[in-house]
Every structure is written in C-alpha cells, then in structure tokens.
Amino acid sequence: MINKTLIFTYLYLLVYILLSSGVILYNKWVLSPKYFNFPFPITLTMIHMGFSGAVAFFLVRVFKVVAPVKMTFEIYATCVIPISAFFASSLWFGNTAYLHISVAFIQMLKALMPVATFIMAVMCGTDKPRCDVFLNMVLVSVGVVISSYGEIHFNVVGTVYQVTGIFAEALRLVLTQVLLQKKGLTLNPITSLYYIAPCSFMFLFVPWCLLEKPHIQVSEDQFNFWIFFSNALCALALNFSIFLVIGRTGAVTIRVAGVLKDWILIALSTVIFPESTITGLNIIGYAIALCGVVMYNYIKVKDGRAPQQPSESLPERITKDWKLEKKSSDIFLPNDTSDNGKGSSGGNGGASDLNFDEEAPLLSTSRLSHIGRSQLMRDS
C-alpha cells in the first residue's frame with residue numbers, strides 16, 4: 001500500500017530543492033553581464049522585498065488569512081528594525097557576489113555558515129565554546145581555504161562580499177533568537193514577511209540611492225516585467241515551500257536535503273554557466289568542509305536526542321518524532337532553541353546549530369520536535 005504521507009513529504013522536499021536551486025541560478029542569470037545583464041543586486045533585492053511585503057500585506061490586511069501579531073513600537077524598534085537591517089545586508093552582499101564569482105564557488109563558501117553562526121552565538125552569549133564543535137569549525141574552515149586556493153577564477157572582491165553576507169546572516173539569526181525570543185514574539189511565515197520585508201526594503205533604499213540609482217539606465221526591452229515578476233515569485237514560493245518542508249520532516253531529513261541540494265546546484269551551475277570551472281582542488285576542499293558540516297550536524301542532532309529515555313526502541317522513537325513534528329507543523333517559532341521554548345546557553349542548542357536556506361533566510365527556522373532547528377540554506 002502506498003504511503004501518501006511519505007509521497008507528499010518527498011514531493012515537498014523535491015519542490016524545495018528545485019526552488020532553492022532555481023532561485024540561485026535565476027539570480028545569477030539576471031545579474032550576470034554575460035546573460036540578462038542587469039548588474040544591480042540592490043535593485044533586484046528591493047524588488048524581492050517589495051513584492052514579498054505587498055503579498056504579505058494583502059494576505060494579512062485584505063484577505064485576512066492570518067491575523068497580525070501585537071506589535072508595539074518598542075518591539076518594532078528594538079527587534080524588527082535591527083533584524084531587518086542585517087537581513088537586508090546579507091541579501092545585498094550575497095547577491096552582489098554573483099557579479100564577481102561563480103555559483104559553484106559561492107556554494108562552497110557557504111559551507112562557512114555554521115562557523116559564522118557559532119562565532120556570533122558565542123560572542124552574544126547564546127552558546128558556549130565547545131572543543132568538539134570548535135574542531136569541526138576548524139575542519140570546515142580548512143576545507144573552504146583549500147577550495148578557495150583551487151578556484152581558477154578567484155576574485156577577492158566577490159569573496160569578501162560573500163563572506164560578509166554570511167556573517168551578516170549569522171548575526172541576524174542570533175539577533176532573532178535573542179531579541180524576538182526575549183520578547184516572546186512568535187511570527188508565522190506571512191507575518192514575518194509582513195513586518196520584516198518592508199523594513200528591509202527601506203534599509204536597502206539608502207544604499208540604492210547612493211550606489212545604483214545614478215547608474216541605472218534600463219531600456220524598456222531590458223526591464224522585462226515578466227522576468228522580474230517570475231524571479232520575485234520564485235523567491236516568495238521558496239519561503240512557503242520551506243514552511244511546508246519543516247512541517248513534514250525532521251531535522252536530519254532537512255539537513256540531508258540541504259547537502260544534496262548543494263551538490264546538485266554545483267553540478268547544474270557548471271552546465272548552465274560554462275564559464276564556471278571546477279577543479280579537483282575545489283572538490284577536495286569542499287568535501288573536507290562538508291565532512292565538518294556533517295559531523296557538526298551529527299553533534300547537534302545527538303545533543304537534541306540526549307534527553308530521550310535510553311529504553312525507547314527505534315519504532316517508538318520514530319513514532320514519537322512523527323507525532324511531535326505533526327503537532328508542530330502549523331507553528332512558526334523563529335529560532336526556538338529548545339523544547340520548552342526557552343533560550344539555550346549551555347551548548348545543546350542556540351543559534352549556532354541553525355541551518356538555513358540561502359535563498360530564504362527570513363523563514364529559516366521552525367520548531368522541529370526535540371531534534372533541533374533546521375538548516376535550510378539564502379540570497380533571494
């Protein structure tokens with residue numbers, strides 16, 4: 001007998017992988033001077049934010065699909081604004097990197113995300129230094145350095161932009177945990193876009209006026225409405241596909257899907273963009289970094305399962321995981337760090353074990369039973 005739930009789960013995972021890879025490749029194609037030739041990453045990011053914010057506004061205020069949360073000026077000023085600022089920065093720097101380096105190399109650099117998030121979490125006091133995690137971070141860093149050394153078209157500017165975007169996103173994740181959780185504010189995907197997307201748009205408006213507005217001379221032929229509309233629609237659809245995935249699967253499945261997506265994306269990028277050349281040193285370095293990431297994920301999953309009773313059998317554990325995930329499938333708790341919803345500072349949780357999607361970092365986390373947060377790696 002066919003298990004319909006399992007089929008839908010794999011279908012959602014497939015949709016997530018396709019959308020995540022598609023948005024990255026689509027952004028590269030739009031921004032690259034060799035293809036669509038629209039080298040204005042801030043403008044493209046503002047289109048995404050404006051479109052997402054508008055859709056969220058209609059869903060909240062017009063169609064009333066969800067109700068807005070109780071948002072005071074204090075919460076908005078102390079939580080939403082700083083989070084939106086780093087969110088906008090991460091998207092800006094990440095999209096700018098497409099102008100200078102290949103998609104494959106960008107994916108390899110993104111292996112640094114756990115390193116950046118762990119460092120920020122330790123600095124902000126939401127996680128504690130641990131020897132095992134530190135060794136994994138060293139392994140990831142060594143792998144990325146080797147991969148960078150083997151990059152034929154290595155570009156310092158593009159690398160700096162990408163790494164800066166990674167650290168900005170890491171700080172956003174930590175701030176989301178520290179600020180929103182402290183205020184007890186819960187946001188679902190729609191209300192997240194409703195509050196954060198317009199604020200991010202405004203933060204991008206200032207650098208856009210200074211850096212891109214004086215140079216934009218877009219002809220009617222180049223500003224193809226359907227290109228930009230479909231691009232923004234894909235980015236929005238990715239956010240909602242992530243929410244479907246985290247409601248159907250566990251942390252381990254999502255992490256495996258993320259790794260599979262990265263390898264598929266690296267392979268596809270070399271086919272779609274022939275100028276992207278992968279060397280043997282690239283692969284070796286990325287494989288080393290990936291080993292560190294996999295070991296890191298294993299530690300976090302093991303930490304999350306530690307409180308379980310040792311007498312539980314495997315079928316009982318699977319059943320318990322499924323029930324917990326099913327129960328929380330309609331809940332969106334940004335960066336919830338433990339089963340009871342309290343912040344973790346003891347090394348078992350915290351922002352450092354957050355995995356996120358590089359194209360939709362705004363909706364990066366959800367409560368995933370007791371295993372831990374998801375890593376659905378941004379740069380819409």
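Helix α7 covers residues 156-183 and holds both E169 and R172. The two sit three residues apart, about one turn of the helix. An α-helix has 3.6 residues a turn, so residues three or four places apart point the same way. In this predicted model, E169 and R172 form a salt bridge, with 2.8 Å between the closest N and O atoms. Both E169 and R172 are buried.

## Other salt bridges

The whole structure contains four salt bridges. One of them joins D132 to R130, whose closest N and O atoms are 2.9 Å apart. Buried means under 20% relative accessible area. R130, at 19%, is therefore buried. D132 is partly exposed, at 31%.

K261 and D262 also meet through their side chains, at 3.6 Å from N to O. Both of these residues are buried.

## Aromatic pairs

There are 19 aromatic pairs in the structure. In one, the ring centres of Y26 and W29 are 6.3 Å apart. Their planes lie at 55 degrees, so this pair is tilted. Y26 and W29 belong to helix α1 (residues 4-31) and are three residues apart, about one helical turn. W29 is partly exposed, with a relative accessible area of 30%. Ring pairs also connect Y26 and W29 with F36, F38, F40 and F228 in a cluster.

F205 and W208 make another tilted pair, with 5.8 Å between centres and 35 degrees between planes. They are three residues apart in helix α8 (residues 189-212), again about one turn. F205 is partly exposed at 35% relative accessibility, whereas W208 is buried at 18%.

## Nonpolar cores

The largest nonpolar core has 77 residues. V30, V103, V140, V144 and L204 touch the most other members. Helix α3 (residues 73-97) supplies the largest share, 10 residues. A separate core has 11 residues, including I17, V23, L238 and V245.

What does V140 contact, leaving aside neighbours within four places in sequence? The partners are A111, L112, V115, A289, G292 and V293.

## Helix α3: span and kink

Helix α3 has 25 residues, which at 1.5 Å a residue should span 36 Å. The C-alpha atoms at its ends are 35 Å apart, so the two values agree. The helix has a kink of about 30 degrees at V80. This kink comes shortly before the proline P82.

How values were computed. Residues numbered from 1 in each chain as written. Predicted model: local features only at pLDDT ≥ 70, side-chain atom pairs only at ≥ 80, totals over all residues. Heavy atoms only, no water. Core = buried A, V, L, I, M, F, W, Y, C linked by side-chain atoms within 4.5 Å. Buried < 20%, exposed > 50% of the residue type's maximum accessible area, 1.4 Å probe, protein only. Helix = DSSP H or I, 4+ residues; strand = E, 2+ residues; numbered from the N terminus. Contact = heavy atoms within 4.5 Å. Expected span 1.5 Å × (residues − 1). Bend = angle between axes of the 7 residues up to and from the residue. Phe/Tyr/Trp six-rings, centres within 6.5 Å; stacked < 30°, edge-to-face > 60°.
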